[in-house]
Amino acid sequence: MVWFRRPEGAERPTSRVPEGLWVKCDGCRETLYRKELERGLFVCPRCGHHHRVSSRTRLAQLFDEGSWKELFGNIHSADPLEFTDTKPYAQRLKDLREKGVRCDALLVGVGRLAGNRAVIAAMEYSFMGGSMGSAVGEKLTRAIERCLKNRLPLVVVACSGGARMQEGILSLMQMGKISAGLARLHAARLPYISVLTDPTTGGVTASFAMLGDINIGEPGALIGFAGPRVIEQTIRQKLPEGFQRAEFLLEHGMLDLVVPRQELKETLARCLAHMA
Amino acid sequence: MAGSPTPQFLAPLEDLRQRIQDAERTGGPAGRSEVARLRGLLEDEARRVTASLTPWQQCQLARHPDRPYCLDYVRGLFTDWVEVHGDRAYGDDPAIIAGFARLDGESVAVVGHQKGRDTRERLYRNFGQPRPEGYRKALRVMRMAEKFGRPIISLVDTQGAYPGIDAEERGQAEAIAFNLREMAALKVPIVVVVTGEGGSGGALAIAIGDEILMLEHAVYSVISPEGCAAILWKDQTQVQLAASALRLTARDLLQLGVIDAIVPEPLGGAQMDPNLAIRTVGGAVRKALVELRRVKRDDLPRRRFAKFRAMGQFVER
């Protein structure tokens with residue numbers, strides 16, 4: 001007789017490592033001491049599963065301690081289409097702000113990475129699946145412009161389901177806006193490294209996330225244009241194991257490196273030193 | 001979707017069009033007066049139908065299988081057409097066509113999505129859904145256009161980039177992303193016309209332009225109403241709601257500052273009089289090119305960036 005059973009198909013809490021002393025690994029289901037997991041940058045010490053981290057944690061992991069400050073935190077999503085699905089978009093935004101997610105789906109910071117100044121931006125998955133709307137587009141474009149002005153390298157850590165449907169065509173246009181900005185960064189010969197984490201799909205992959213001078217994937221990250229469900233519906237077949245994982249993209253020539261999180265900062269520093 | 005039957009709301013128009021053709025065949029004074037009478041009816045009916053289109057009906061009209069496709073525009077507007085093939089890396093993608101042609105005697109590059117007319121061609125063209133090699137072919141031709149100083153005309157009509165295993169393996173996302181960045185930097189004028197369906201990233205990948213035009217009954221959206229309904233409403237039958245919420249009509253896009261102008265269509269839609277639709281598009285493209293030719297080559301990328309830079313609405317506080 002089993003006393004406790006997870007209901008079949010129940011949502012696994014993958015969006016964030018839950019608070020509390022003990023947490024269960026999303027990869028191996030092992031119970032882990034939270035402090036230990038945190039010390040290991042939220043990579044499971046048993047199975048190596050890379051847990052999703054918040055944008056703030058990510059920037060703290062990459063910038064030198066105490067060296068960075070947030071940029072463009074005053075930019076927030078509007079509701080230009082007055083969009084309503086099962087709930088008004090304006091209400092969704094309000095609820096998220098009340099829950100304390102202040103950075104929209106992108107957090108931008110400027111500071112030092114291994115001693116050298118850099119702009120780093122990280123997407124916030126807990127804000128509507130890290131989806132890209134006008135605010136994300138504007139913040140990232142301003143980050144690019146800051147890099148152009150101060151001749152700084154740019155690192156963007158992607159974690160997103162793609163363009164935000166609730167802002168319709170304006171979300172799609174952010175792909176063009178950011179990519180046109182990256183064209184200028186490219187012409188100015190400034191380094192741009194894209195880090196693709198689990199998941200990076202849709203319009204985010206099909207714009208800035210694939211445009212790095214160097215594209216780095218986190219182990220096991222789902223990275224693709226179309227989501228696996230859409231592909232399965234199109235071809236009416238089950239997808240092969242490992243399809244659209246970082247290692248698969250490395251094998252197919254779309255990523256330069258797959259780097260475990262513990263080595264990410266050091267790898268970024270080493271890459272940037274070759275480019276600056 | 002390409003090849004879908006005529007939607008119900010267009011049935012009276014199709015019926016009248018058929019009867020006009022029959023009457024034309026009859027000939028004689030009786031036939032001619034019947035044609036004139038039916039034309040009058042058709043005009044009234046077309047005006048009635050198009051005046052009250054819902055956004056979902058607008059989508060269905062944009063997907064009408066009798067609308068002119070890219071190659072119809074090529075045949076109708078240009079001379080000396082040379083289609084080129086292949087991305088020089090993997091293969092040729094029939095869902096995108098690319099080449100050079102003359103417009104009023106001047107050489108231009110043309111790229112565009114291509115749907116098929118019959119089942120065989122639809123399969124051959126993959127329903128106008130490109131794979132990475134299609135986008136790379138388009139970029140190859142656009143770069144050639146830059147090399148030889150030719151303006152680029154891009155005709156957009158796709159439900160989206162193909163979501164298949166092979167497309168993913170060969171870097172669908174990378175191909176689209178790279179086009180966005182590279183098109184932004186091209187030092188020749190780019191005129192984009194959304195002629196039918198502007199399906200998300202698969203459309204945008206050849207739509208970073210200096211002047212972006214859209215046919216009156218075309219649609220352009222971040223996701224199809226079907227996809228949006230499935231994800232947000234968890235119910236594919238809510239396409240009508242999704243189509244309305246997405247604000248995907250030409251009028252919406254003009255209002256949102258995404259397109260520069262709407263190209264009017266023949267009464268009842270481009271499928272009613274494809275030749276007229278093609279001529280009207282030709283006029284709009286010519287006008288845009290005249291204006292863009294005044295811009296200095298080196299200013300084009302900065303202007304194009306400024307154009308896209310301005311897109312989007314957010315709050316600062």
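Analyst: In this predicted model, R170(B) pairs with D166(B) in a salt bridge whose closest N and O atoms lie 3.4 Å apart (a salt bridge being a side-chain nitrogen of Lys or Arg within 4 Å of a carboxyl oxygen of Asp or Glu). R170(B) is classed as buried because its relative accessible area is 16%, whereas D166(B), with 22%, is partly exposed (buried means under 20% relative accessible area, exposed over 50%, and partly exposed in between, with a 1.4 Å probe and protein chains only). Salt bridges with shared partners also tie E138(A), R142(A), E145(A), K177(A), R309(B) and E316(B) into one network. Over all chains, the structure holds 51 salt bridges.

D85(A) and R92(A) bring their side chains together in a salt bridge with 2.5 Å from N to O; D85(A) counts as buried because its relative accessibility is 8%, while R92(A), at 21%, counts as partly exposed. In the other pair, R29(A) forms a salt bridge with D26(A), and the closest N and O atoms are 4.0 Å apart.

As to reading the labels, residues are numbered from 1 along each chain as its sequence is written, and chains are lettered from A and ligands numbered from 1 in the order in which they are written. Local features need pLDDT of at least 70 and side-chain atom pairs count only at pLDDT 80 or more, while totals for chains, interfaces and linings use all residues, and side-chain values use heavy atoms, with hydrogens and water left out.

Chain B, which holds R170(B) and D166(B), has a secondary structure of 14 helices and nine strands (DSSP runs numbered from the N terminus, helices being H or I of at least four residues and strands E of at least two). Its radius of gyration is 20 Å, which agrees with the value near 20 Å for a compact globule of 317 residues (taken over C-alpha atoms, the rule being 2.2 Å times the number of residues to the power 0.38). The C-alpha atoms of chain B fill a box of roughly 60 × 50 × 45 Å along the principal axes, and 59% of its 317 residues are buried. Of the contacts in chain B between residues at least 6 apart in sequence, 72% join residues at least 24 apart (a contact meaning heavy atoms within 4.5 Å).

D72(B) sits in helix α4, residues 70-77, and counts as partly exposed because its relative accessibility is 22%. Setting aside residues up to four places away in sequence, D72(B) touches R67(B), R117(B) and I278(B), whereas R247(B), 175 residues away in sequence, is 28 Å from D72(B), C-alpha to C-alpha. N126(B), by contrast, belongs to the loop between α5 (119-124) and α6 (132-147), and N126(B) is buried, with a relative accessible area of 12%. Beyond its neighbours within four places in sequence, N126(B) is in contact with R131(B) and Y162(B).
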